[in-house]
Amino acid sequence: MDIRLAYGKTGLEVTLPDKAHVTIVEPTYVNGRPTPLAAIHQALREPIGSPPLRSLVAPDDRVGIAFSDITRPTPNHIILPTLLDHLSHVSPDHITLFNGTGTHRTNTDEELRRMVGDHVAERYRIVQNDARDQDAHCLVGNTTTGNAIWLHREFVDCDVRILTGFIEPHFFAGFSGGGKALMPGLARLDTVLRNHSAEHMDNPKARWGIREGNPLWEEIREAVQLVPPTFLLNVTLNRDHEITGIFAGDWEEAHARGCAFVRDVSMVGLESPFDIVITSNSGYPLDLNLYQAVKGMSAAAQIVRQGGSIILASDCWDGIPEHGDYGRLLCEADDLEDLLETVRDPGFSQQDSWQAHTQALVCQRADVYLFTHNLTAQQIKDALLIPCSDVASTVEELLRRHGPDARVCVLPEGPQTIPYIARG
């Protein structure tokens with residue numbers, strides 16, 4: 001059986017043994033909007049639970065627009081120019097674009113131009129969030145859980161605050177998009193660390209597709225309510241990165257509508273766990289590094305049996321990466337138990353611990369093999385994973401281990417499909 005995994009910019013062709021009992025799980029394919037620009041214009045004129053965008057903004061208002069960074073496939077080059085057309089009555093020097101990097105690295109000038117387009121990059125001021133810059137953030141209040149919410153001061157000070165983004169299932173916040181553009185997108189590091197705490201990560205509702213009762217999502221919603229956005233523009237995409245849905249208007253109502261759409265097309269219920277799950281991290285740009293590839297592992301973990309095996313194919317052109325603490329946490333741990341003991345220590349608070357924590361939970365459930373062209377076997381071992389030089393050969397080896405009746409599941413698009421075991 002020939003399969004094609006979303007991998008980097010080119011994809012990865014894999015031939016599985018004919019004897020394997022293979023189930024392929026993909027999201028329901030939704031055609032892209034034939035005229036996405038016209039559809040966005042209409043959504044901005046006829047939004048969900050809100051007056052039209054243009055009527056909400058006065059010519060002398062200071063406008064802040066939050067947009068996704070390079071780690072997301074959000075079509076900013078389409079969204080932002082269209083949105084800015086509806087703000088043509090506002091001078092460009094009254095409009096600032098805020099790159100919501102969260103705790104990620106800042107993006108290069110070349111990356112910014114590629115994301116937003118030369119015209120937008122040259123005409124509008126762009127500010128990138130630096131989560132470690134104490135002075136760039138201000139305290140807007142505290143959540144009921146006691147998290148002090150520090151958000152980017154310039155964005156908070158804007159008269160009009162607009163959130164943009166891309167909705168997909170998220171491995172611990174339930175769904176992306178919505179208020180995540182503000183928190184963690186434009187938050188200070190200590191605020192993000194408390195939101196992404198080990199206590200929250202261990203909660204069984206901090207999972208794919210769950211919002212209500214998810215402590216991370218509930219706190220994000222409460223944080224954003226402290227600085228209510230004026231407007232939201234979110235989109236959904238198919239595997240070809242074409243816009244399939246547009247959700248604009250009131251930030252909570254529009255996002256909820258988008259999450260319901262994504263749940264219907266991206267989440268697939270299955271009857272029982274599999275012995276072997278082959279997954280990707282959805283290809284470029286989502287599989288840029290191992291840190292992001294934890295999402296692909298997590299998607300597979302939803303349906304692999306205890307003691308089973310996961311094979312992840314991820315390009316990792318950005319490495320582990322070098323920035324952040326994720327790689328160091330993995331390398332310094334003696335084993336999975338040591339890693340979990342470290343991140344669960346009540347006094348421990350460190351960037352990227354949530355990603356290492358999630359990976360450790362997945363690896364406790366199943367052996368995780370990594371195929372990539374951009375990490376050495378030693379780097380993979382140091383990251384507490386098992387090197388895979390060839391996906392097909394590894395499947396053959398695992399079939400011998402798990403037995404001839406072993407069940408195999410393939411997630412060709414990685415976490416663009418979120419499978420789950422349907423109970424009852």
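1. A disulfide here is a pair of cysteine sulfur atoms within 2.5 Å, and by this rule the count comes to 0 disulfides. The cysteine sulfur closest to that of C316 belongs to C388 and is 13 Å away, too far for a bond.

2. A word on what you are looking at. This is a predicted model, in which local features need pLDDT of at least 70 and side-chain atom pairs count only at pLDDT 80 or more, while totals for chains, interfaces and linings use all residues. Residues are numbered from 1 along each chain as its sequence is written, and side-chain values use heavy atoms, with hydrogens and water left out.

3. Now the overall build. The chain has 15 helices and 20 strands; these are DSSP runs numbered from the N terminus, with helices being H or I of at least four residues and strands being E of at least two. The radius of gyration is 21 Å, close to the 22 Å that the globule rule gives for 424 residues, so the chain is as compact as a globular protein of that length. That radius is taken over C-alpha atoms, and the rule is 2.2 Å times the number of residues to the power 0.38. Along the principal axes, the C-alpha atoms fill a box of roughly 70 × 50 × 45 Å.

4. Of the 424 residues, 60% count as buried (buried is under 20% relative accessible area, exposed over 50%, partly exposed in between, with a 1.4 Å probe and protein chains only). The chain exposes about 16,600 Å², and carbon and sulfur atoms supply 47% of that area, computed by the Shrake-Rupley method with a 1.4 Å probe. Taking contact as heavy atoms within 4.5 Å, residues 24 or more positions apart account for 76% of the contacts with a separation of 6 or more.

5. For the charges, Lys and Arg count as positive and Asp and Glu as negative, with His and the chain ends not counted. There are 36 positive and 57 negative side chains, and the centres of the two sets lie 3 Å apart. Each charge is placed at NZ of Lys, CZ of Arg, CG of Asp or CD of Glu.

6. The loop between β16 (304–313) and α11 (326–332) deserves a look; S314 is found there. S314 is buried, with a relative accessible area of 0%, and beyond its neighbours within four places in sequence its contacts include Y7, N281, D287 and T372. C316 sits in that loop too; C316 is buried at 1% relative accessible area and has a positive phi of about 55° although it is not a glycine. P321 is also in the loop between β16 and α11, and the peptide bond from I320 to P321 is cis, with omega near 20°.

7. Please check two further backbone spots as well. Most residues other than glycine have a negative phi, and most peptide bonds are trans. Y284 and P285 are joined by a cis peptide bond with omega of about -5°, and P285 lies in the loop between β15 (274–280) and α10 (290–301). L384, in the loop between α14 (377–382) and β18 (386–387), has a positive phi of about 65° without being a glycine. At 23% relative accessibility, L384 counts as partly exposed.
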